[in-house]
Amino acid sequence: MKKSIIAAVMVIIIIILAISTWLFYKDKNKKQDLTLYGNVDIRQVSLAFEESGRIQALYVQEGDKVKQGQILARLKIDALDIQKQQAQAQLNVQEQTILEQEAGNRPEEIVQAKAQLVSAQAQLEKANKDYQRLKFLNNSTLGQAISKQELDSAQSNQAIAAASVKEREANLQLLKKGVRAEERAATKAQYQATQANLNLIQYQISQSELRSPANAVVRARLQEVGDMTTAQKTVYTLALTDPKWVRVYANEQDLSRIKMGAAAQVIRDSQPNQPITGKIGYISSVAEFTPKTVQTEDIRTTLVYEVRIYVSDPNDQLKMGQPVTVRIAKAN
């Protein structure tokens with residue numbers, strides 16, 4: 001009986017010693033962890049329209065989660081729609097002109113020009129005969145049969161008919177050759193200028209939609225429907241959900257215990273039993289004076305180095321500016 005009691009007591013003593021040893025080393029290891037204090041930091045984006053105009057619609061509110069490419073707001077574009085229609089109509093007209101110039105004149109037009117030339121040549125032949133006949137009469141009668149005015153009129157008709165023939169011949173040659181290369185180039189240049197103007201209007205229409213550049217949370221809605229806005233006026237402020245980091249400051253003695261890529265635990269005051277895992281992603285190489293917002297037992301004039309702990313927070317538990325405690329395991 002006594003042996004059993006002694007054995008039981010020995011077992012209890014061994015258990016107590018094991019627990020004490022475990023607690024001792026646990027506390028020792030805990031003391032070896034580096035504890036720092038800091039605040040959550042998040043990048044922000046200020047969104048504004050590229051063009052000036054009146055806001056037609058706003059689709060999200062403060063606190064809404066938005067996806068990359070999601071439409072957040074829209075401008076009124078009635079004037080741009082009218083300009084687009086005008087530019088498109090001009091483009092269609094110029095395109096038809098280019099097609100006509102490339103196709104050349106129609107065969108019917110050339111046939112018509114030839115007929116007009118033949119008619120002009122016939123009129124010239126008649127004018128020549130009339131003039132020659134009157135001239136003969138005038139010479140044979142010593143100016144008694146006809147007046148000088150009639151002879152001058154016949155000569156004038158002959159010159160007019162000759163000029164008409166030359167005009168018809170030139171017109172026929174132009175129709176056969178088609179439009180000059182310079183005119184074709186000028187028409188194509190006008191077409192390209194109108195196309196560029198249409199592209200600009202279409203771009204302006206596309207910029208009338210304000211889209212989110214990344215997955216984010218709406219922090220502030222700074223304008224309302226009906227407001228006149230410009231490129232200098234922010235419509236929304238977005239907080240980027242990724243990446244998030246905690247900004248802490250370490251003194252020179254603690255800096256040797258911090259290594260890039262080392263694991264860290266981010267502890268919130270509201271949920272101390274649910275730490276968020278992160279890792280060291282940035283260690284400043286330049287010392288600075290401790291910011292007033294950093295909690296430290298050292299005097300305020302101590303030089304410290306900025307350290308960032310990047311975390312993955314898909315559930316958006318960490319908020320911008322939130323104070324947190326960071327525990328960094330001792331580096332080997």
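User: If buried means under 20% relative accessible area, exposed over 50% and partly exposed in between (1.4 Å probe, protein chains only), which is N251?

Analyst: N251 counts as buried, because its relative accessibility is 14%. The model is predicted, with local features needing pLDDT of at least 70 and side-chain atom pairs 80 or more, while totals for chains, interfaces and linings use all residues. Numbering runs from 1 along each chain as its sequence is written, and side-chain values use heavy atoms, without hydrogens or water.

User: Where does N251 lie?

Analyst: N251 lies in strand β8, which covers residues 236–251; strands are DSSP runs of E, at least two residues, numbered from the N terminus.

User: Switching to rings, how many aromatic pairs does a search of the whole structure find?

Analyst: The search finds one (ring centres within 6.5 Å; planes under 30 degrees apart are stacked, over 60 edge-to-face, the rest tilted). W245 and Y310 make up this tilted pair, at 5.6 Å centre to centre with 50° between the planes. The pair links distant parts of the chain, since W245 is in β8 and Y310 in β12 (residues 303–311), 65 residues apart.

User: And why does Y310 count as partly exposed?

Analyst: Because its relative accessibility is 23%, whereas W245 is buried at 4%.

User: What about the open sheet, in which order do its four strands come?

Analyst: The order is β5-β4-β2-β7, with antiparallel pairing (at least two DSSP bridges between strands). At the edges, β5 (209–211) and β7 (228–229) each pair on one side only.

User: How many bridges join β2 and β4?

Analyst: Strand β2 (residues 53–58) pairs with β4 (residues 71–75) over three bridges in the antiparallel sense, and L58 stands opposite A73 in β4.

Terms used: Rings of Phe, Tyr and Trp (its six-membered ring) pair if their centres lie within 6.5 Å; planes under 30 degrees apart count as stacked, over 60 as edge-to-face and the rest as tilted.
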